[in-house]
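Biologist: I'd like to learn how to read aromatic pairs. Can you walk me through some?

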Amino acid sequence: MKSVALKATAVFLAAAFWAGPSMAAESLQDVMKRRGLSQQDLLSAAKTYTPSGKRDEFVAFSSGGQSGQVIIYGIPSMRILKYLAVFTPEPWQGYGYDEESKEVLKGGWIDGKEISWGDTHHPAVSETNGQYDGQFLFINDKANPRIAVIDLRDFETKQIVSNPIFKSDHGGAFVTPNTEYVIETVQYAAPLENRKFYPLEEFNEKYRGGITYWKFDRKEGRIDAAKSFSVELPPYSQDLSDAGKGPSDGWSFTNSFCSERYVGGIEQGRPPFEAGCSAKDTDYLHVINWKKAATLVAQGKAKKINGHDVLMMDTAVKEGILFLIPEPKSPHGVDVTPDGKFLIVSGKLDTHVSVYSFDKIQAAIKSGKFESKDPYGIPVIGLKDALHTQVSLGLGPLHTQFDSKQCVAYTSLYVDSQVAKWNFCEGKVLDKLSVHYNIGHLMTMEGDAADPKGRYLVALNKLSIDRFNPVGPLHPQNHQLIDISNDKMQLLYDMPLPLGEPHYAVAIEASKLKPGVRYKVGTNSRTDKPHPSAVRAGEERIERNGNKVSVYGTLIRSHITPEIIEVNVGDEVTINLTNLERAQDETHGFTVSTYNVHASVEPGKTSSVKFKADKEGVYPYYCTEFCSALHLEMQGYLLVKPKGWKPSAVKKETAKAAYTEADYRASLKKIADTQAVIDSVVGFITSTNYKDFPDVVNMVEDATDQLGKIPDSKAKHEAAAAKKDWDQANLWAEQVYQYQVKAADIGLRAKTYLEQNGAKKLK
Ligand code: RUQ
Ligand code: CUA
């Protein structure tokens, strides 16, 4: 009896110690009750919860809408991993605040003017044989027709190209099955010549749509504008596109709306655009043989407009590469099935999705069976002659994505706020799930590739209304995660996305992404080439050339070299900094107070900031990433001297001795103790097969670097001590300790890494 009571007391004490005085550990039932959770909630939680240290199966790239950026998150955890800077300056990444990224943004200037935002809509991952290869990401800017190229080796934007003939775009970016071309389609028709005015009365004659095929040079990792071309199209508000694959490879498909060519004019008593642009029952699906178009351009059959090759409509018709097919009603988007045999188009004002057969389209073209010509002479294939089937799904069908299961597709229903699961081969509905609210795009895993991965679907809802804690009249968007691995869809999770309106997203198997963790020392990350102003340790210097001052410096825990930069007011200052770290995640940031510059300098990278020192004074500069225990001390001074300033004006005052011999002895003791820790860590590391772990080898090199700096400082503190200069002796001893601390820090990281990654003991 007594012993039971004692035991109970011990348990109680332990519980009080660990969980606080009031409660013992909660059971699952307790938590369910306390938080009002159902069994279904628990099941959903189990399907999304990703324990600390575990990673996601898929990585999603979402357009960041008006933020001009890309949002990257993991699936199924829905944890945001990065806001990737694309069209808009972004301070954390130094994007638009260092010289290298300013060059990238400059590629997107239009008519010599800076454009500092973008309306991103459709991201696309590069493909090989129609399958996501994880090498590059492309995304468009609808407002200012542009395409950006992002390299997935370092997740940085490398290039922005602006469309030479469009004034807006929408249907980009879409890639051909081997990323030969990146497709960008116009949205609102306008004259193709730049800075050319025609009144709206001449809309039908002078305004044009079009589609641009940007040539992608995979080896360079850049779009080659000189080898890119466009096809002129009627002023039909071309919308989204998709490239054919498998049997339909070599063709691309673009839907359109407002083929009424209505020009609005509510002010003049005419019905508004929305009425005029949806008056007809059908618009046109554009069918284009891009492979043949490329050959025609190579043969010189294009016309130069604004210096860019454009295949004109009459040539395209004459050469038989451009066809139209009616599509009902106010269509939006076109999606090619994974097998490349069918194209699916939804009409926003129709309850149907229309499934077109590529075989039937080809048969009609071959036999010359057309129902009419449009006003521009383009042959129109009859809807009946091209249709495989039509399926009634619900109100406001928009976009379609595919499952890993044969013939299974998912379509968003904007008005119904539902996802419809259906079979496009047999034309029947399989399941429906309500979402909240007004779904636009939807995305399945690699769901527009030749080999979709199934598993999850994300509904990109336009409105979140009351789903989240209110944050004022402007609401976040809502991405809802849905489990599609079973017959019935199951809603798992709501994720607010608070950065612009994400339009489309793509998700790739995480295992296909293999980004680096550091650059080769001295790399300009925006050109992928060695930076001409990179220096190694010991080569740091400041050069003056007239009123231009160039600083060649380095960053390594925990100092910036140089620590003092003196310039004259009016000088143009360029500070180039190379991060010498090899350890993963040892990024240093850099800024100079009040000069509006910032750089994010990841291991190995060289970045430069440039500014005119146009005001005299003292401006601290510092590292902006909390990189080490001595991060706050990673600092320096920019001294901007006034005109005519003379150093003799300063009265030198020697500081009084602050340290004693006892302080020095204490420092030596501290050094000896720290060395013991280092020795034991080194002993552990070298007793394992650490050389099999490249990350650890890098950390060891890094630590050895730090330790290698000790003898110099040691000689200095010993020399000062011999002269009984206790101030100097102490300060240099302290520097030895700083090197030790950094080495020990990396050493401990390496040790933990080895322990967690199954390193083996050497005999
Ligand atoms: S859009 S909600 Cu810009 Cu892709 Cu269809
Ligand atoms: Cu480097 Cu903080």
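Biologist: Are tyrosine 236 and tyrosine 376 buried or exposed?

Modeller: Both tyrosine 236 and tyrosine 376 are buried (under 20% relative accessible area, with exposed over 50% and partly exposed in between, using a 1.4 Å probe and protein chains only). Bear in mind that this is a predicted model, where local features need pLDDT of at least 70, side-chain atom pairs count only at pLDDT 80 or more, and totals for chains, interfaces and linings use all residues. Residues are numbered from 1 along each chain as its sequence is written, chains are lettered from A and ligands numbered from 1 in the order written, and side-chain values use heavy atoms, leaving out hydrogens and water.

Biologist: What describes a pair of aromatic rings?

Modeller: You give the distance of the centres and the angle of the planes. Rings of Phe, Tyr and Trp (its six-membered ring) pair if their centres lie within 6.5 Å; planes under 30 degrees apart are stacked, over 60 edge-to-face, and the rest tilted. The structure holds 23 such pairs. One of them joins tyrosine 181 and tyrosine 213, edge-to-face at 6.2 Å centre to centre, with 85° between the planes. Tyrosine 181 and tyrosine 213 are both buried.

Biologist: Why is the pair of tyrosine 236 and tyrosine 376 edge-to-face?

Modeller: Their planes sit at 70°, with the centres 6.2 Å apart, so that pair is edge-to-face.

Biologist: Which residues form one aromatic cluster?

Modeller: That's Trp251, Phe253, Phe323, Phe358 and Phe370.
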